[in-house]
Amino acid sequence: MRATDPAALLATWEAGLTGRAADRSLLLHLAARPGADTGELLAVPVGEREADLFALRRALFGDRMQVRVACGACDEEMEFDLDAGVLGARPDPPPGPLRVAEDGWEVEFALPTVAALEAAASAGDPAEARRRLVASCTVRALRGGEEVPAPDLAAALPAGVERRIAEAAAEADPVADVTLSIACPECGEATPAELDITSYLWAELDTWARDLLLDVHLLASAYGWSEPEILALSPTRRRYYLELCADV
């Protein structure tokens, strides 16, 4: 299955219509990596998944991404273009666990995986979500040379050490959280804007799928062709037949 196969993409869209954001992320990731299994994709770092989704977006809709953001200070609507290739560029993964030494602490940890992030999100309580994420990512933690069990780490970690861990993770995996700072041309204030590639790409896929199904309906009505026959046409030939229908 090719990532750009229209029948496969329609199946992805249909399967995700009633799904949660996490379900849609997985479906899009499966489309981005044909042949991969669910367990394999859940085990990758979050930034690797995001990079794959940016690559899928480029394959389907090109590099140029149009984004609209309201200024947090004056509510002015700002519209600008982004490059999916630049945003989805991911550095080489670290060869082993990351390490932070701060205030008598030594912590070795791995980048959060998709599964770890979903497990944390399902906790409901923010404190429990943080505990789960810290425990799942920690390889080894020492305080003054004494080992601290991973389940106890979230409660014991000083804020400064936790901040250093977050900074090290963001540096190693910048695609995991793409947050832009947009300067308003009207008031000059900067507005932070998180770019959620799953939501962005799903909205585009939804528009594409509904437009394609309308094309199928029109061509089936005009020519009596089946959906597979219509989807097998190239976009150029499909558009040409639609123009012929409109001229009749």
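The questions and answers below concern the helices, aromatic rings and surface of a predicted model.

The model is predicted, so local features need pLDDT of at least 70 and side-chain atom pairs count only at pLDDT 80 or more, while totals for chains, interfaces and linings use all residues. Residues are numbered from 1 along each chain as its sequence is written, and side-chain values use heavy atoms, with hydrogens and water left out.

Q: Why is the pair of tryptophan 225 and tyrosine 241 called edge-to-face?
A: Rings of Phe, Tyr and Trp (its six-membered ring) pair if their centres lie within 6.5 Å; planes under 30 degrees apart count as stacked, over 60 as edge-to-face and the rest as tilted. The structure holds four aromatic pairs. In the pair of tryptophan 225 and tyrosine 241, the centres are 5.0 Å apart and the planes stand at 80°, so the pair is edge-to-face.

Q: Why does this pair tie together parts that are 16 residues apart in sequence?
A: Tryptophan 225 lies in the loop between helix 10 and helix 11 (227-231), whereas tyrosine 241 belongs to helix 12 (residues 235-247), so the pair joins parts 16 residues apart in sequence. Helices here are DSSP runs of H or I with at least four residues, and strands are runs of E with at least two, numbered from the N terminus.

Q: What makes tyrosine 241 count as partly exposed?
A: Buried means under 20% relative accessible area, exposed over 50%, and partly exposed in between (1.4 Å probe, protein chains only). Tyrosine 241 has 23% relative accessibility, and therefore counts as partly exposed. Tryptophan 225, at 26%, is partly exposed, and tyrosine 240, at 49%, also counts as partly exposed.

Q: Which residues do ring pairs link into a cluster?
A: Ring pairs link Tyr223, Trp225, Tyr240 and Tyr241 into a cluster. Tyrosine 223 is found in helix 10 (residues 197-223).

Q: How do you know that the span of helix 4 agrees with its number of residues?
A: The expected span is 1.5 Å times one less than the number of residues. The 16 residues of helix 4 (residues 46-61) should therefore span 22 Å, and the end C-alpha atoms are 22 Å apart, which agrees.

Q: Which residue follows helix 4?
A: Glycine 62 follows helix 4, and its phi is positive, near 95°.
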